[in-house]
Amino acid sequence: MHELSIAQSIVELANEIAVNENAETIQTIDIEIGALSGVVFEALEFALEMTVKNTKLEGAKINYLKISGLAKCSNCKFQFKTNDLLAFCPKCDQANFKIINGKQLRIKSLTV
Ligand SMILES: [Zn+2]
């Protein structure tokens, strides 16, 4: 399960930050999750619920910030929202574009 290893790395990273800050527990954590990150949100949420047990993240409030996908057409330079890696430019109908937002999955901020 892909999401379980992602959840584990989030917990490890959060733990490292807390150790650096000399914090016993983490109060809140904000996680940015892009619509194009390839991660199933519900699966990640579930995996995190299991993974935080007995860590500094246990009991922390986890905020998920969902980022929608944004693409830029390589043909006509039009920018459009997409939550799918297989899409067509709404202006010129080409499938040749670069993703400029929505692929990230990261800890945005953390309060100890
Ligand atoms: Zn286009």
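Biologist: In this predicted model, which side chain meets R106 in a salt bridge?

Modeller: A search of the whole structure finds one salt bridge. It links distant parts of the chain, with R106 in strand 6 (residues 105-111) and its partner in strand 1, 74 residues apart. The distance is 3.0 Å, N to O, and the partner of R106 is E32.

Biologist: Is E32 buried or exposed?

Modeller: The limit for a buried residue is under 20% relative accessible area. R106 has a relative accessible area of 42%, so R106 is partly exposed. E32 has 8% relative accessibility and therefore counts as buried.

Biologist: D30 also lies in strand 1. Which side chain of opposite charge is nearest to D30, and how far away is that side chain?

Modeller: D30 is buried yet has no salt bridge. A salt bridge requires a nitrogen and an oxygen within 4 Å. The nearest side chain of opposite charge lies 6.1 Å away and belongs to K108.

Biologist: How many bridges join strand 1 to strand 2?

Modeller: Strand 1 (residues 28-34) and strand 2 (residues 61-67) run parallel. Between them the chain passes through helix 2 (residues 41-51) in a right-handed β-α-β crossover. I33 stands opposite K66 in strand 2. The number of bridges joining the two strands is seven.

Notes
Residues numbered from 1 in each chain as written. Predicted model: local features only at pLDDT ≥ 70, side-chain atom pairs only at ≥ 80, totals over all residues. Heavy atoms only, no water. Pairing = 2+ DSSP bridges. Helix = DSSP H or I, 4+ residues; strand = E, 2+ residues; numbered from the N terminus. Right-handed = clockwise from strand over helix to strand, strands pointing away. Buried < 20%, exposed > 50% of the residue type's maximum accessible area, 1.4 Å probe, protein only. Lys, Arg positive; Asp, Glu negative; His and termini not counted.
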